[in-house]
Amino acid sequence: MNGAPTATPLVIDVAIIGAGFAGIGMATQLARRQRESFVVLERAAGVGGTWRDNTYPGIACDIPAQLYSFSFRPPWDWETLYPHGAEIRRYLEQTVLDEGLTPHIRLGCELRHARWVDSASRWEIDTGAGP
């Protein structure tokens, strides 16, 4: 024994890796179906994926706004037909707030390792962050 504390494993039904468009979309659908046993693991300090990380001047979507949004959450009042990156990021951040996803999102929580355990029929994941 090395004296280091051992975290009790957290058992959840669904682990979503990444809080970009796909991760937020999946989390929204799980929350709307009242699936409380899920978590979104995001290694960065905020949600938004590509739209959080890319901030160069003039970044915008090359697909019309009404097509570049969740079908279950129509776009709000976009400023232009091809929304700017910051506007898309705000759309995703607002989705997190409006859908009550904040308690399920773990920011600064990078997935370090995932291993399938045949005998338990489940994945064991390590984020290094504890429960």
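Guide: Among contacts in the chain between residues at least 6 apart in sequence, 49% join residues at least 24 apart. The model is a predicted one, and its chain contains three helices and five strands, in the order β-α-β-α-α-β-β-β from the N terminus.

Strand 1 (residues 14-17) and strand 2 (residues 38-42) run parallel and are joined by four bridges. Within this pair, I16 stands opposite V40 of strand 2.

Because its relative accessibility is 0%, below the 20% limit, T28 counts as buried. Setting aside neighbours within four places in sequence, T28 is in contact with F72, T95, E99 and L101.

L101 leads us to the largest nonpolar core, which has 21 residues; L101 is among those with the most contacts inside it, together with F21, I24, W51, I88 and L92. Helix 1, strand 2 and helix 3 (85-98) each supply at least two residues of this core. W51 deserves attention as well: not counting residues up to four places away in sequence, W51 touches F21, I59, A60, C61, Y68, G85, I88, R89 and L92.

Finally, consider the chain as a whole. Buried residues make up 35% of its 131 residues. The chain exposes about 8500 Å², of which carbon and sulfur atoms supply 52%.

Technical notes. Residues are numbered from 1 along each chain as its sequence is written. This is a predicted model: local features need pLDDT of at least 70, side-chain atom pairs count only at pLDDT 80 or more; totals for chains, interfaces and linings use all residues. Side-chain values use heavy atoms; hydrogens and water are left out. Two strands pair if DSSP finds at least two bridges between them. A nonpolar core is a set of buried Ala, Val, Leu, Ile, Met, Phe, Trp, Tyr and Cys residues joined through side-chain atoms within 4.5 Å. Buried means under 20% relative accessible area, exposed over 50%, partly exposed in between (1.4 Å probe, protein chains only). Contact means heavy atoms within 4.5 Å. Accessible areas come from the Shrake-Rupley method with a 1.4 Å probe; for residues, only the protein chains shown count as cover.
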